[in-house]
Amino acid sequence: MSITSLKASESRAGSVKKKSKDTKKNNALDHSDWIDAARSILIDDGVGGLSLRRISAQLNATTGAFYWQFANLEKLLDDLREDWNTRNSAAFDRVFKDPGLDGLERYIGYVRILLREEEYDPKYDSAMRDWAHSCAKTRTVVAHVDNRRVAQLQALFAELGFGQKSARVRAMMTYFHQSGYYQMNIDETLEERLANIPYYAEIMVGPDFFPPDLTIKELRRLIFDNEAEDGSSD
């Protein structure tokens, strides 16, 4: 065999080996990897960044690997909507559906989710709301989630003793205030947010919800250190 033939053979072998490694890598990607990549792009760059080529590049995968998991891009977008529906509401659902919590514990649990931003990502909410402006299917999903969360808050305020209409209005004020807070990118430190909590509670629930002499340190402990008391976990 000539030197030229030997080099050509080695080149072909290397190409086959690389192709085999790429195929193995692509096949190792599962449904959740693609959804995770799409979620990251949506949050960082908006729906305009959600192209098949961009998502594949983020995973360092071929576009062909995509079709092992999804029939087309629209199916991925459907699954991304469902991911938001479940992922960003799971913590709220757990708190509001827990029969072992009373109204105070439920309210604290709700505030804890908002402040910790671990199970709930407000940027994901904002990205979905931006997407909803240009997509009817996304708008329907967002409206469904909004209605569910408002209904949960309404049930909370009713549990705290307010009548149906009063509970409904308080729920809408609480929820849409929080949504607007994130959409407007209000710049507050955690200490500032903690300091405002008793005033929000005074307006929405009443002046006796928190003790008047409650310190920020005690409030921080109540919000961040007492998960076991309301059934939530790290």
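1. Helix axes in this note are lines fitted to C-alpha atoms over the stretch in contact, and the angles between them run from 0 to 180 degrees between N-to-C directions. Helices (H or I, at least four residues) and strands (E, at least two) are DSSP runs, numbered from the N terminus. With these terms, helix H6 (residues 90-97) and helix H7 (residues 103-116) have axes that come within 9 Å and cross at roughly 170°. That angle makes H6 roughly antiparallel to H7; angles over 145 degrees count as roughly antiparallel, under 35 as roughly parallel, 65 to 115 as roughly perpendicular and the rest as oblique.

2. This is a predicted model, in which local features need pLDDT of at least 70 and side-chain atom pairs count only at pLDDT 80 or more, while totals for chains, interfaces and linings use all residues. Residues are numbered from 1 along each chain as its sequence is written, and side-chain values use heavy atoms, with hydrogens and water left out.

3. The protein has 13 helices and zero strands. Of its 234 residues, 39% count as buried, where buried means under 20% relative accessible area, exposed over 50%, and partly exposed in between (1.4 Å probe, protein chains only). Contact means heavy atoms within 4.5 Å. Among contacts between residues at least 6 apart in sequence, 66% join residues at least 24 apart.

4. To return to H6 and H7: on the H6 side the contact is made by Ala 91, Phe 92, Val 95, Phe 96 and Lys 97, and on the H7 side by Arg 106, Gly 109, Tyr 110, Ile 113 and Leu 114. By class, the contact of H6 with H7 has seven nonpolar, one polar and two charged residues. Here Ala, Val, Leu, Ile, Met, Phe, Trp, Tyr, Cys and Pro count as nonpolar, Asp, Glu, Lys and Arg as charged, and the others, Gly among them, as polar.

5. A second pair is helix H9 (residues 136-159) with helix H10 (residues 164-183), whose axes lie 8 Å apart at an angle of about 130°. H9 and H10 are therefore oblique to each other. Their crossing is right-handed, a term used if the near helix is turned clockwise from the far one by less than a right angle, with left-handed for anticlockwise.

6. In H9, the residues that meet H10 are Asp 146, Arg 149, Val 150, Leu 153, Gln 154, Phe 157 and Ala 158; their partners in H10 are Gln 164, Ala 167, Arg 168, Arg 170, Ala 171, Met 172, Thr 174, Tyr 175 and Phe 176. These residues divide into nine nonpolar, three polar and four charged.

7. Asp 146, in helix H9, counts as buried because its relative accessibility is 12%. Apart from neighbours within four places in sequence, Asp 146 is in contact with Arg 129 and Tyr 175.

8. Helix H12 (residues 216-224) has Leu 219, Ile 223 and Phe 224 as its buried residues. They cover an arc of only 110° around the axis, which puts them on the same side of H12. The arc is that of the directions from the helix axis to the C-beta atoms.

9. Two loop residues deserve a look. Asn 60, in the loop between helix H3 (52-58) and helix H4 (63-66), has a positive phi of about 55° although it is not a glycine. At 60% relative accessibility, Asn 60 counts as exposed. Asn 185 sits in the loop between H10 and helix H11 (190-204) and has a positive phi of about 55°, again without being a glycine. Asn 185 counts as exposed, at 65% relative accessibility.
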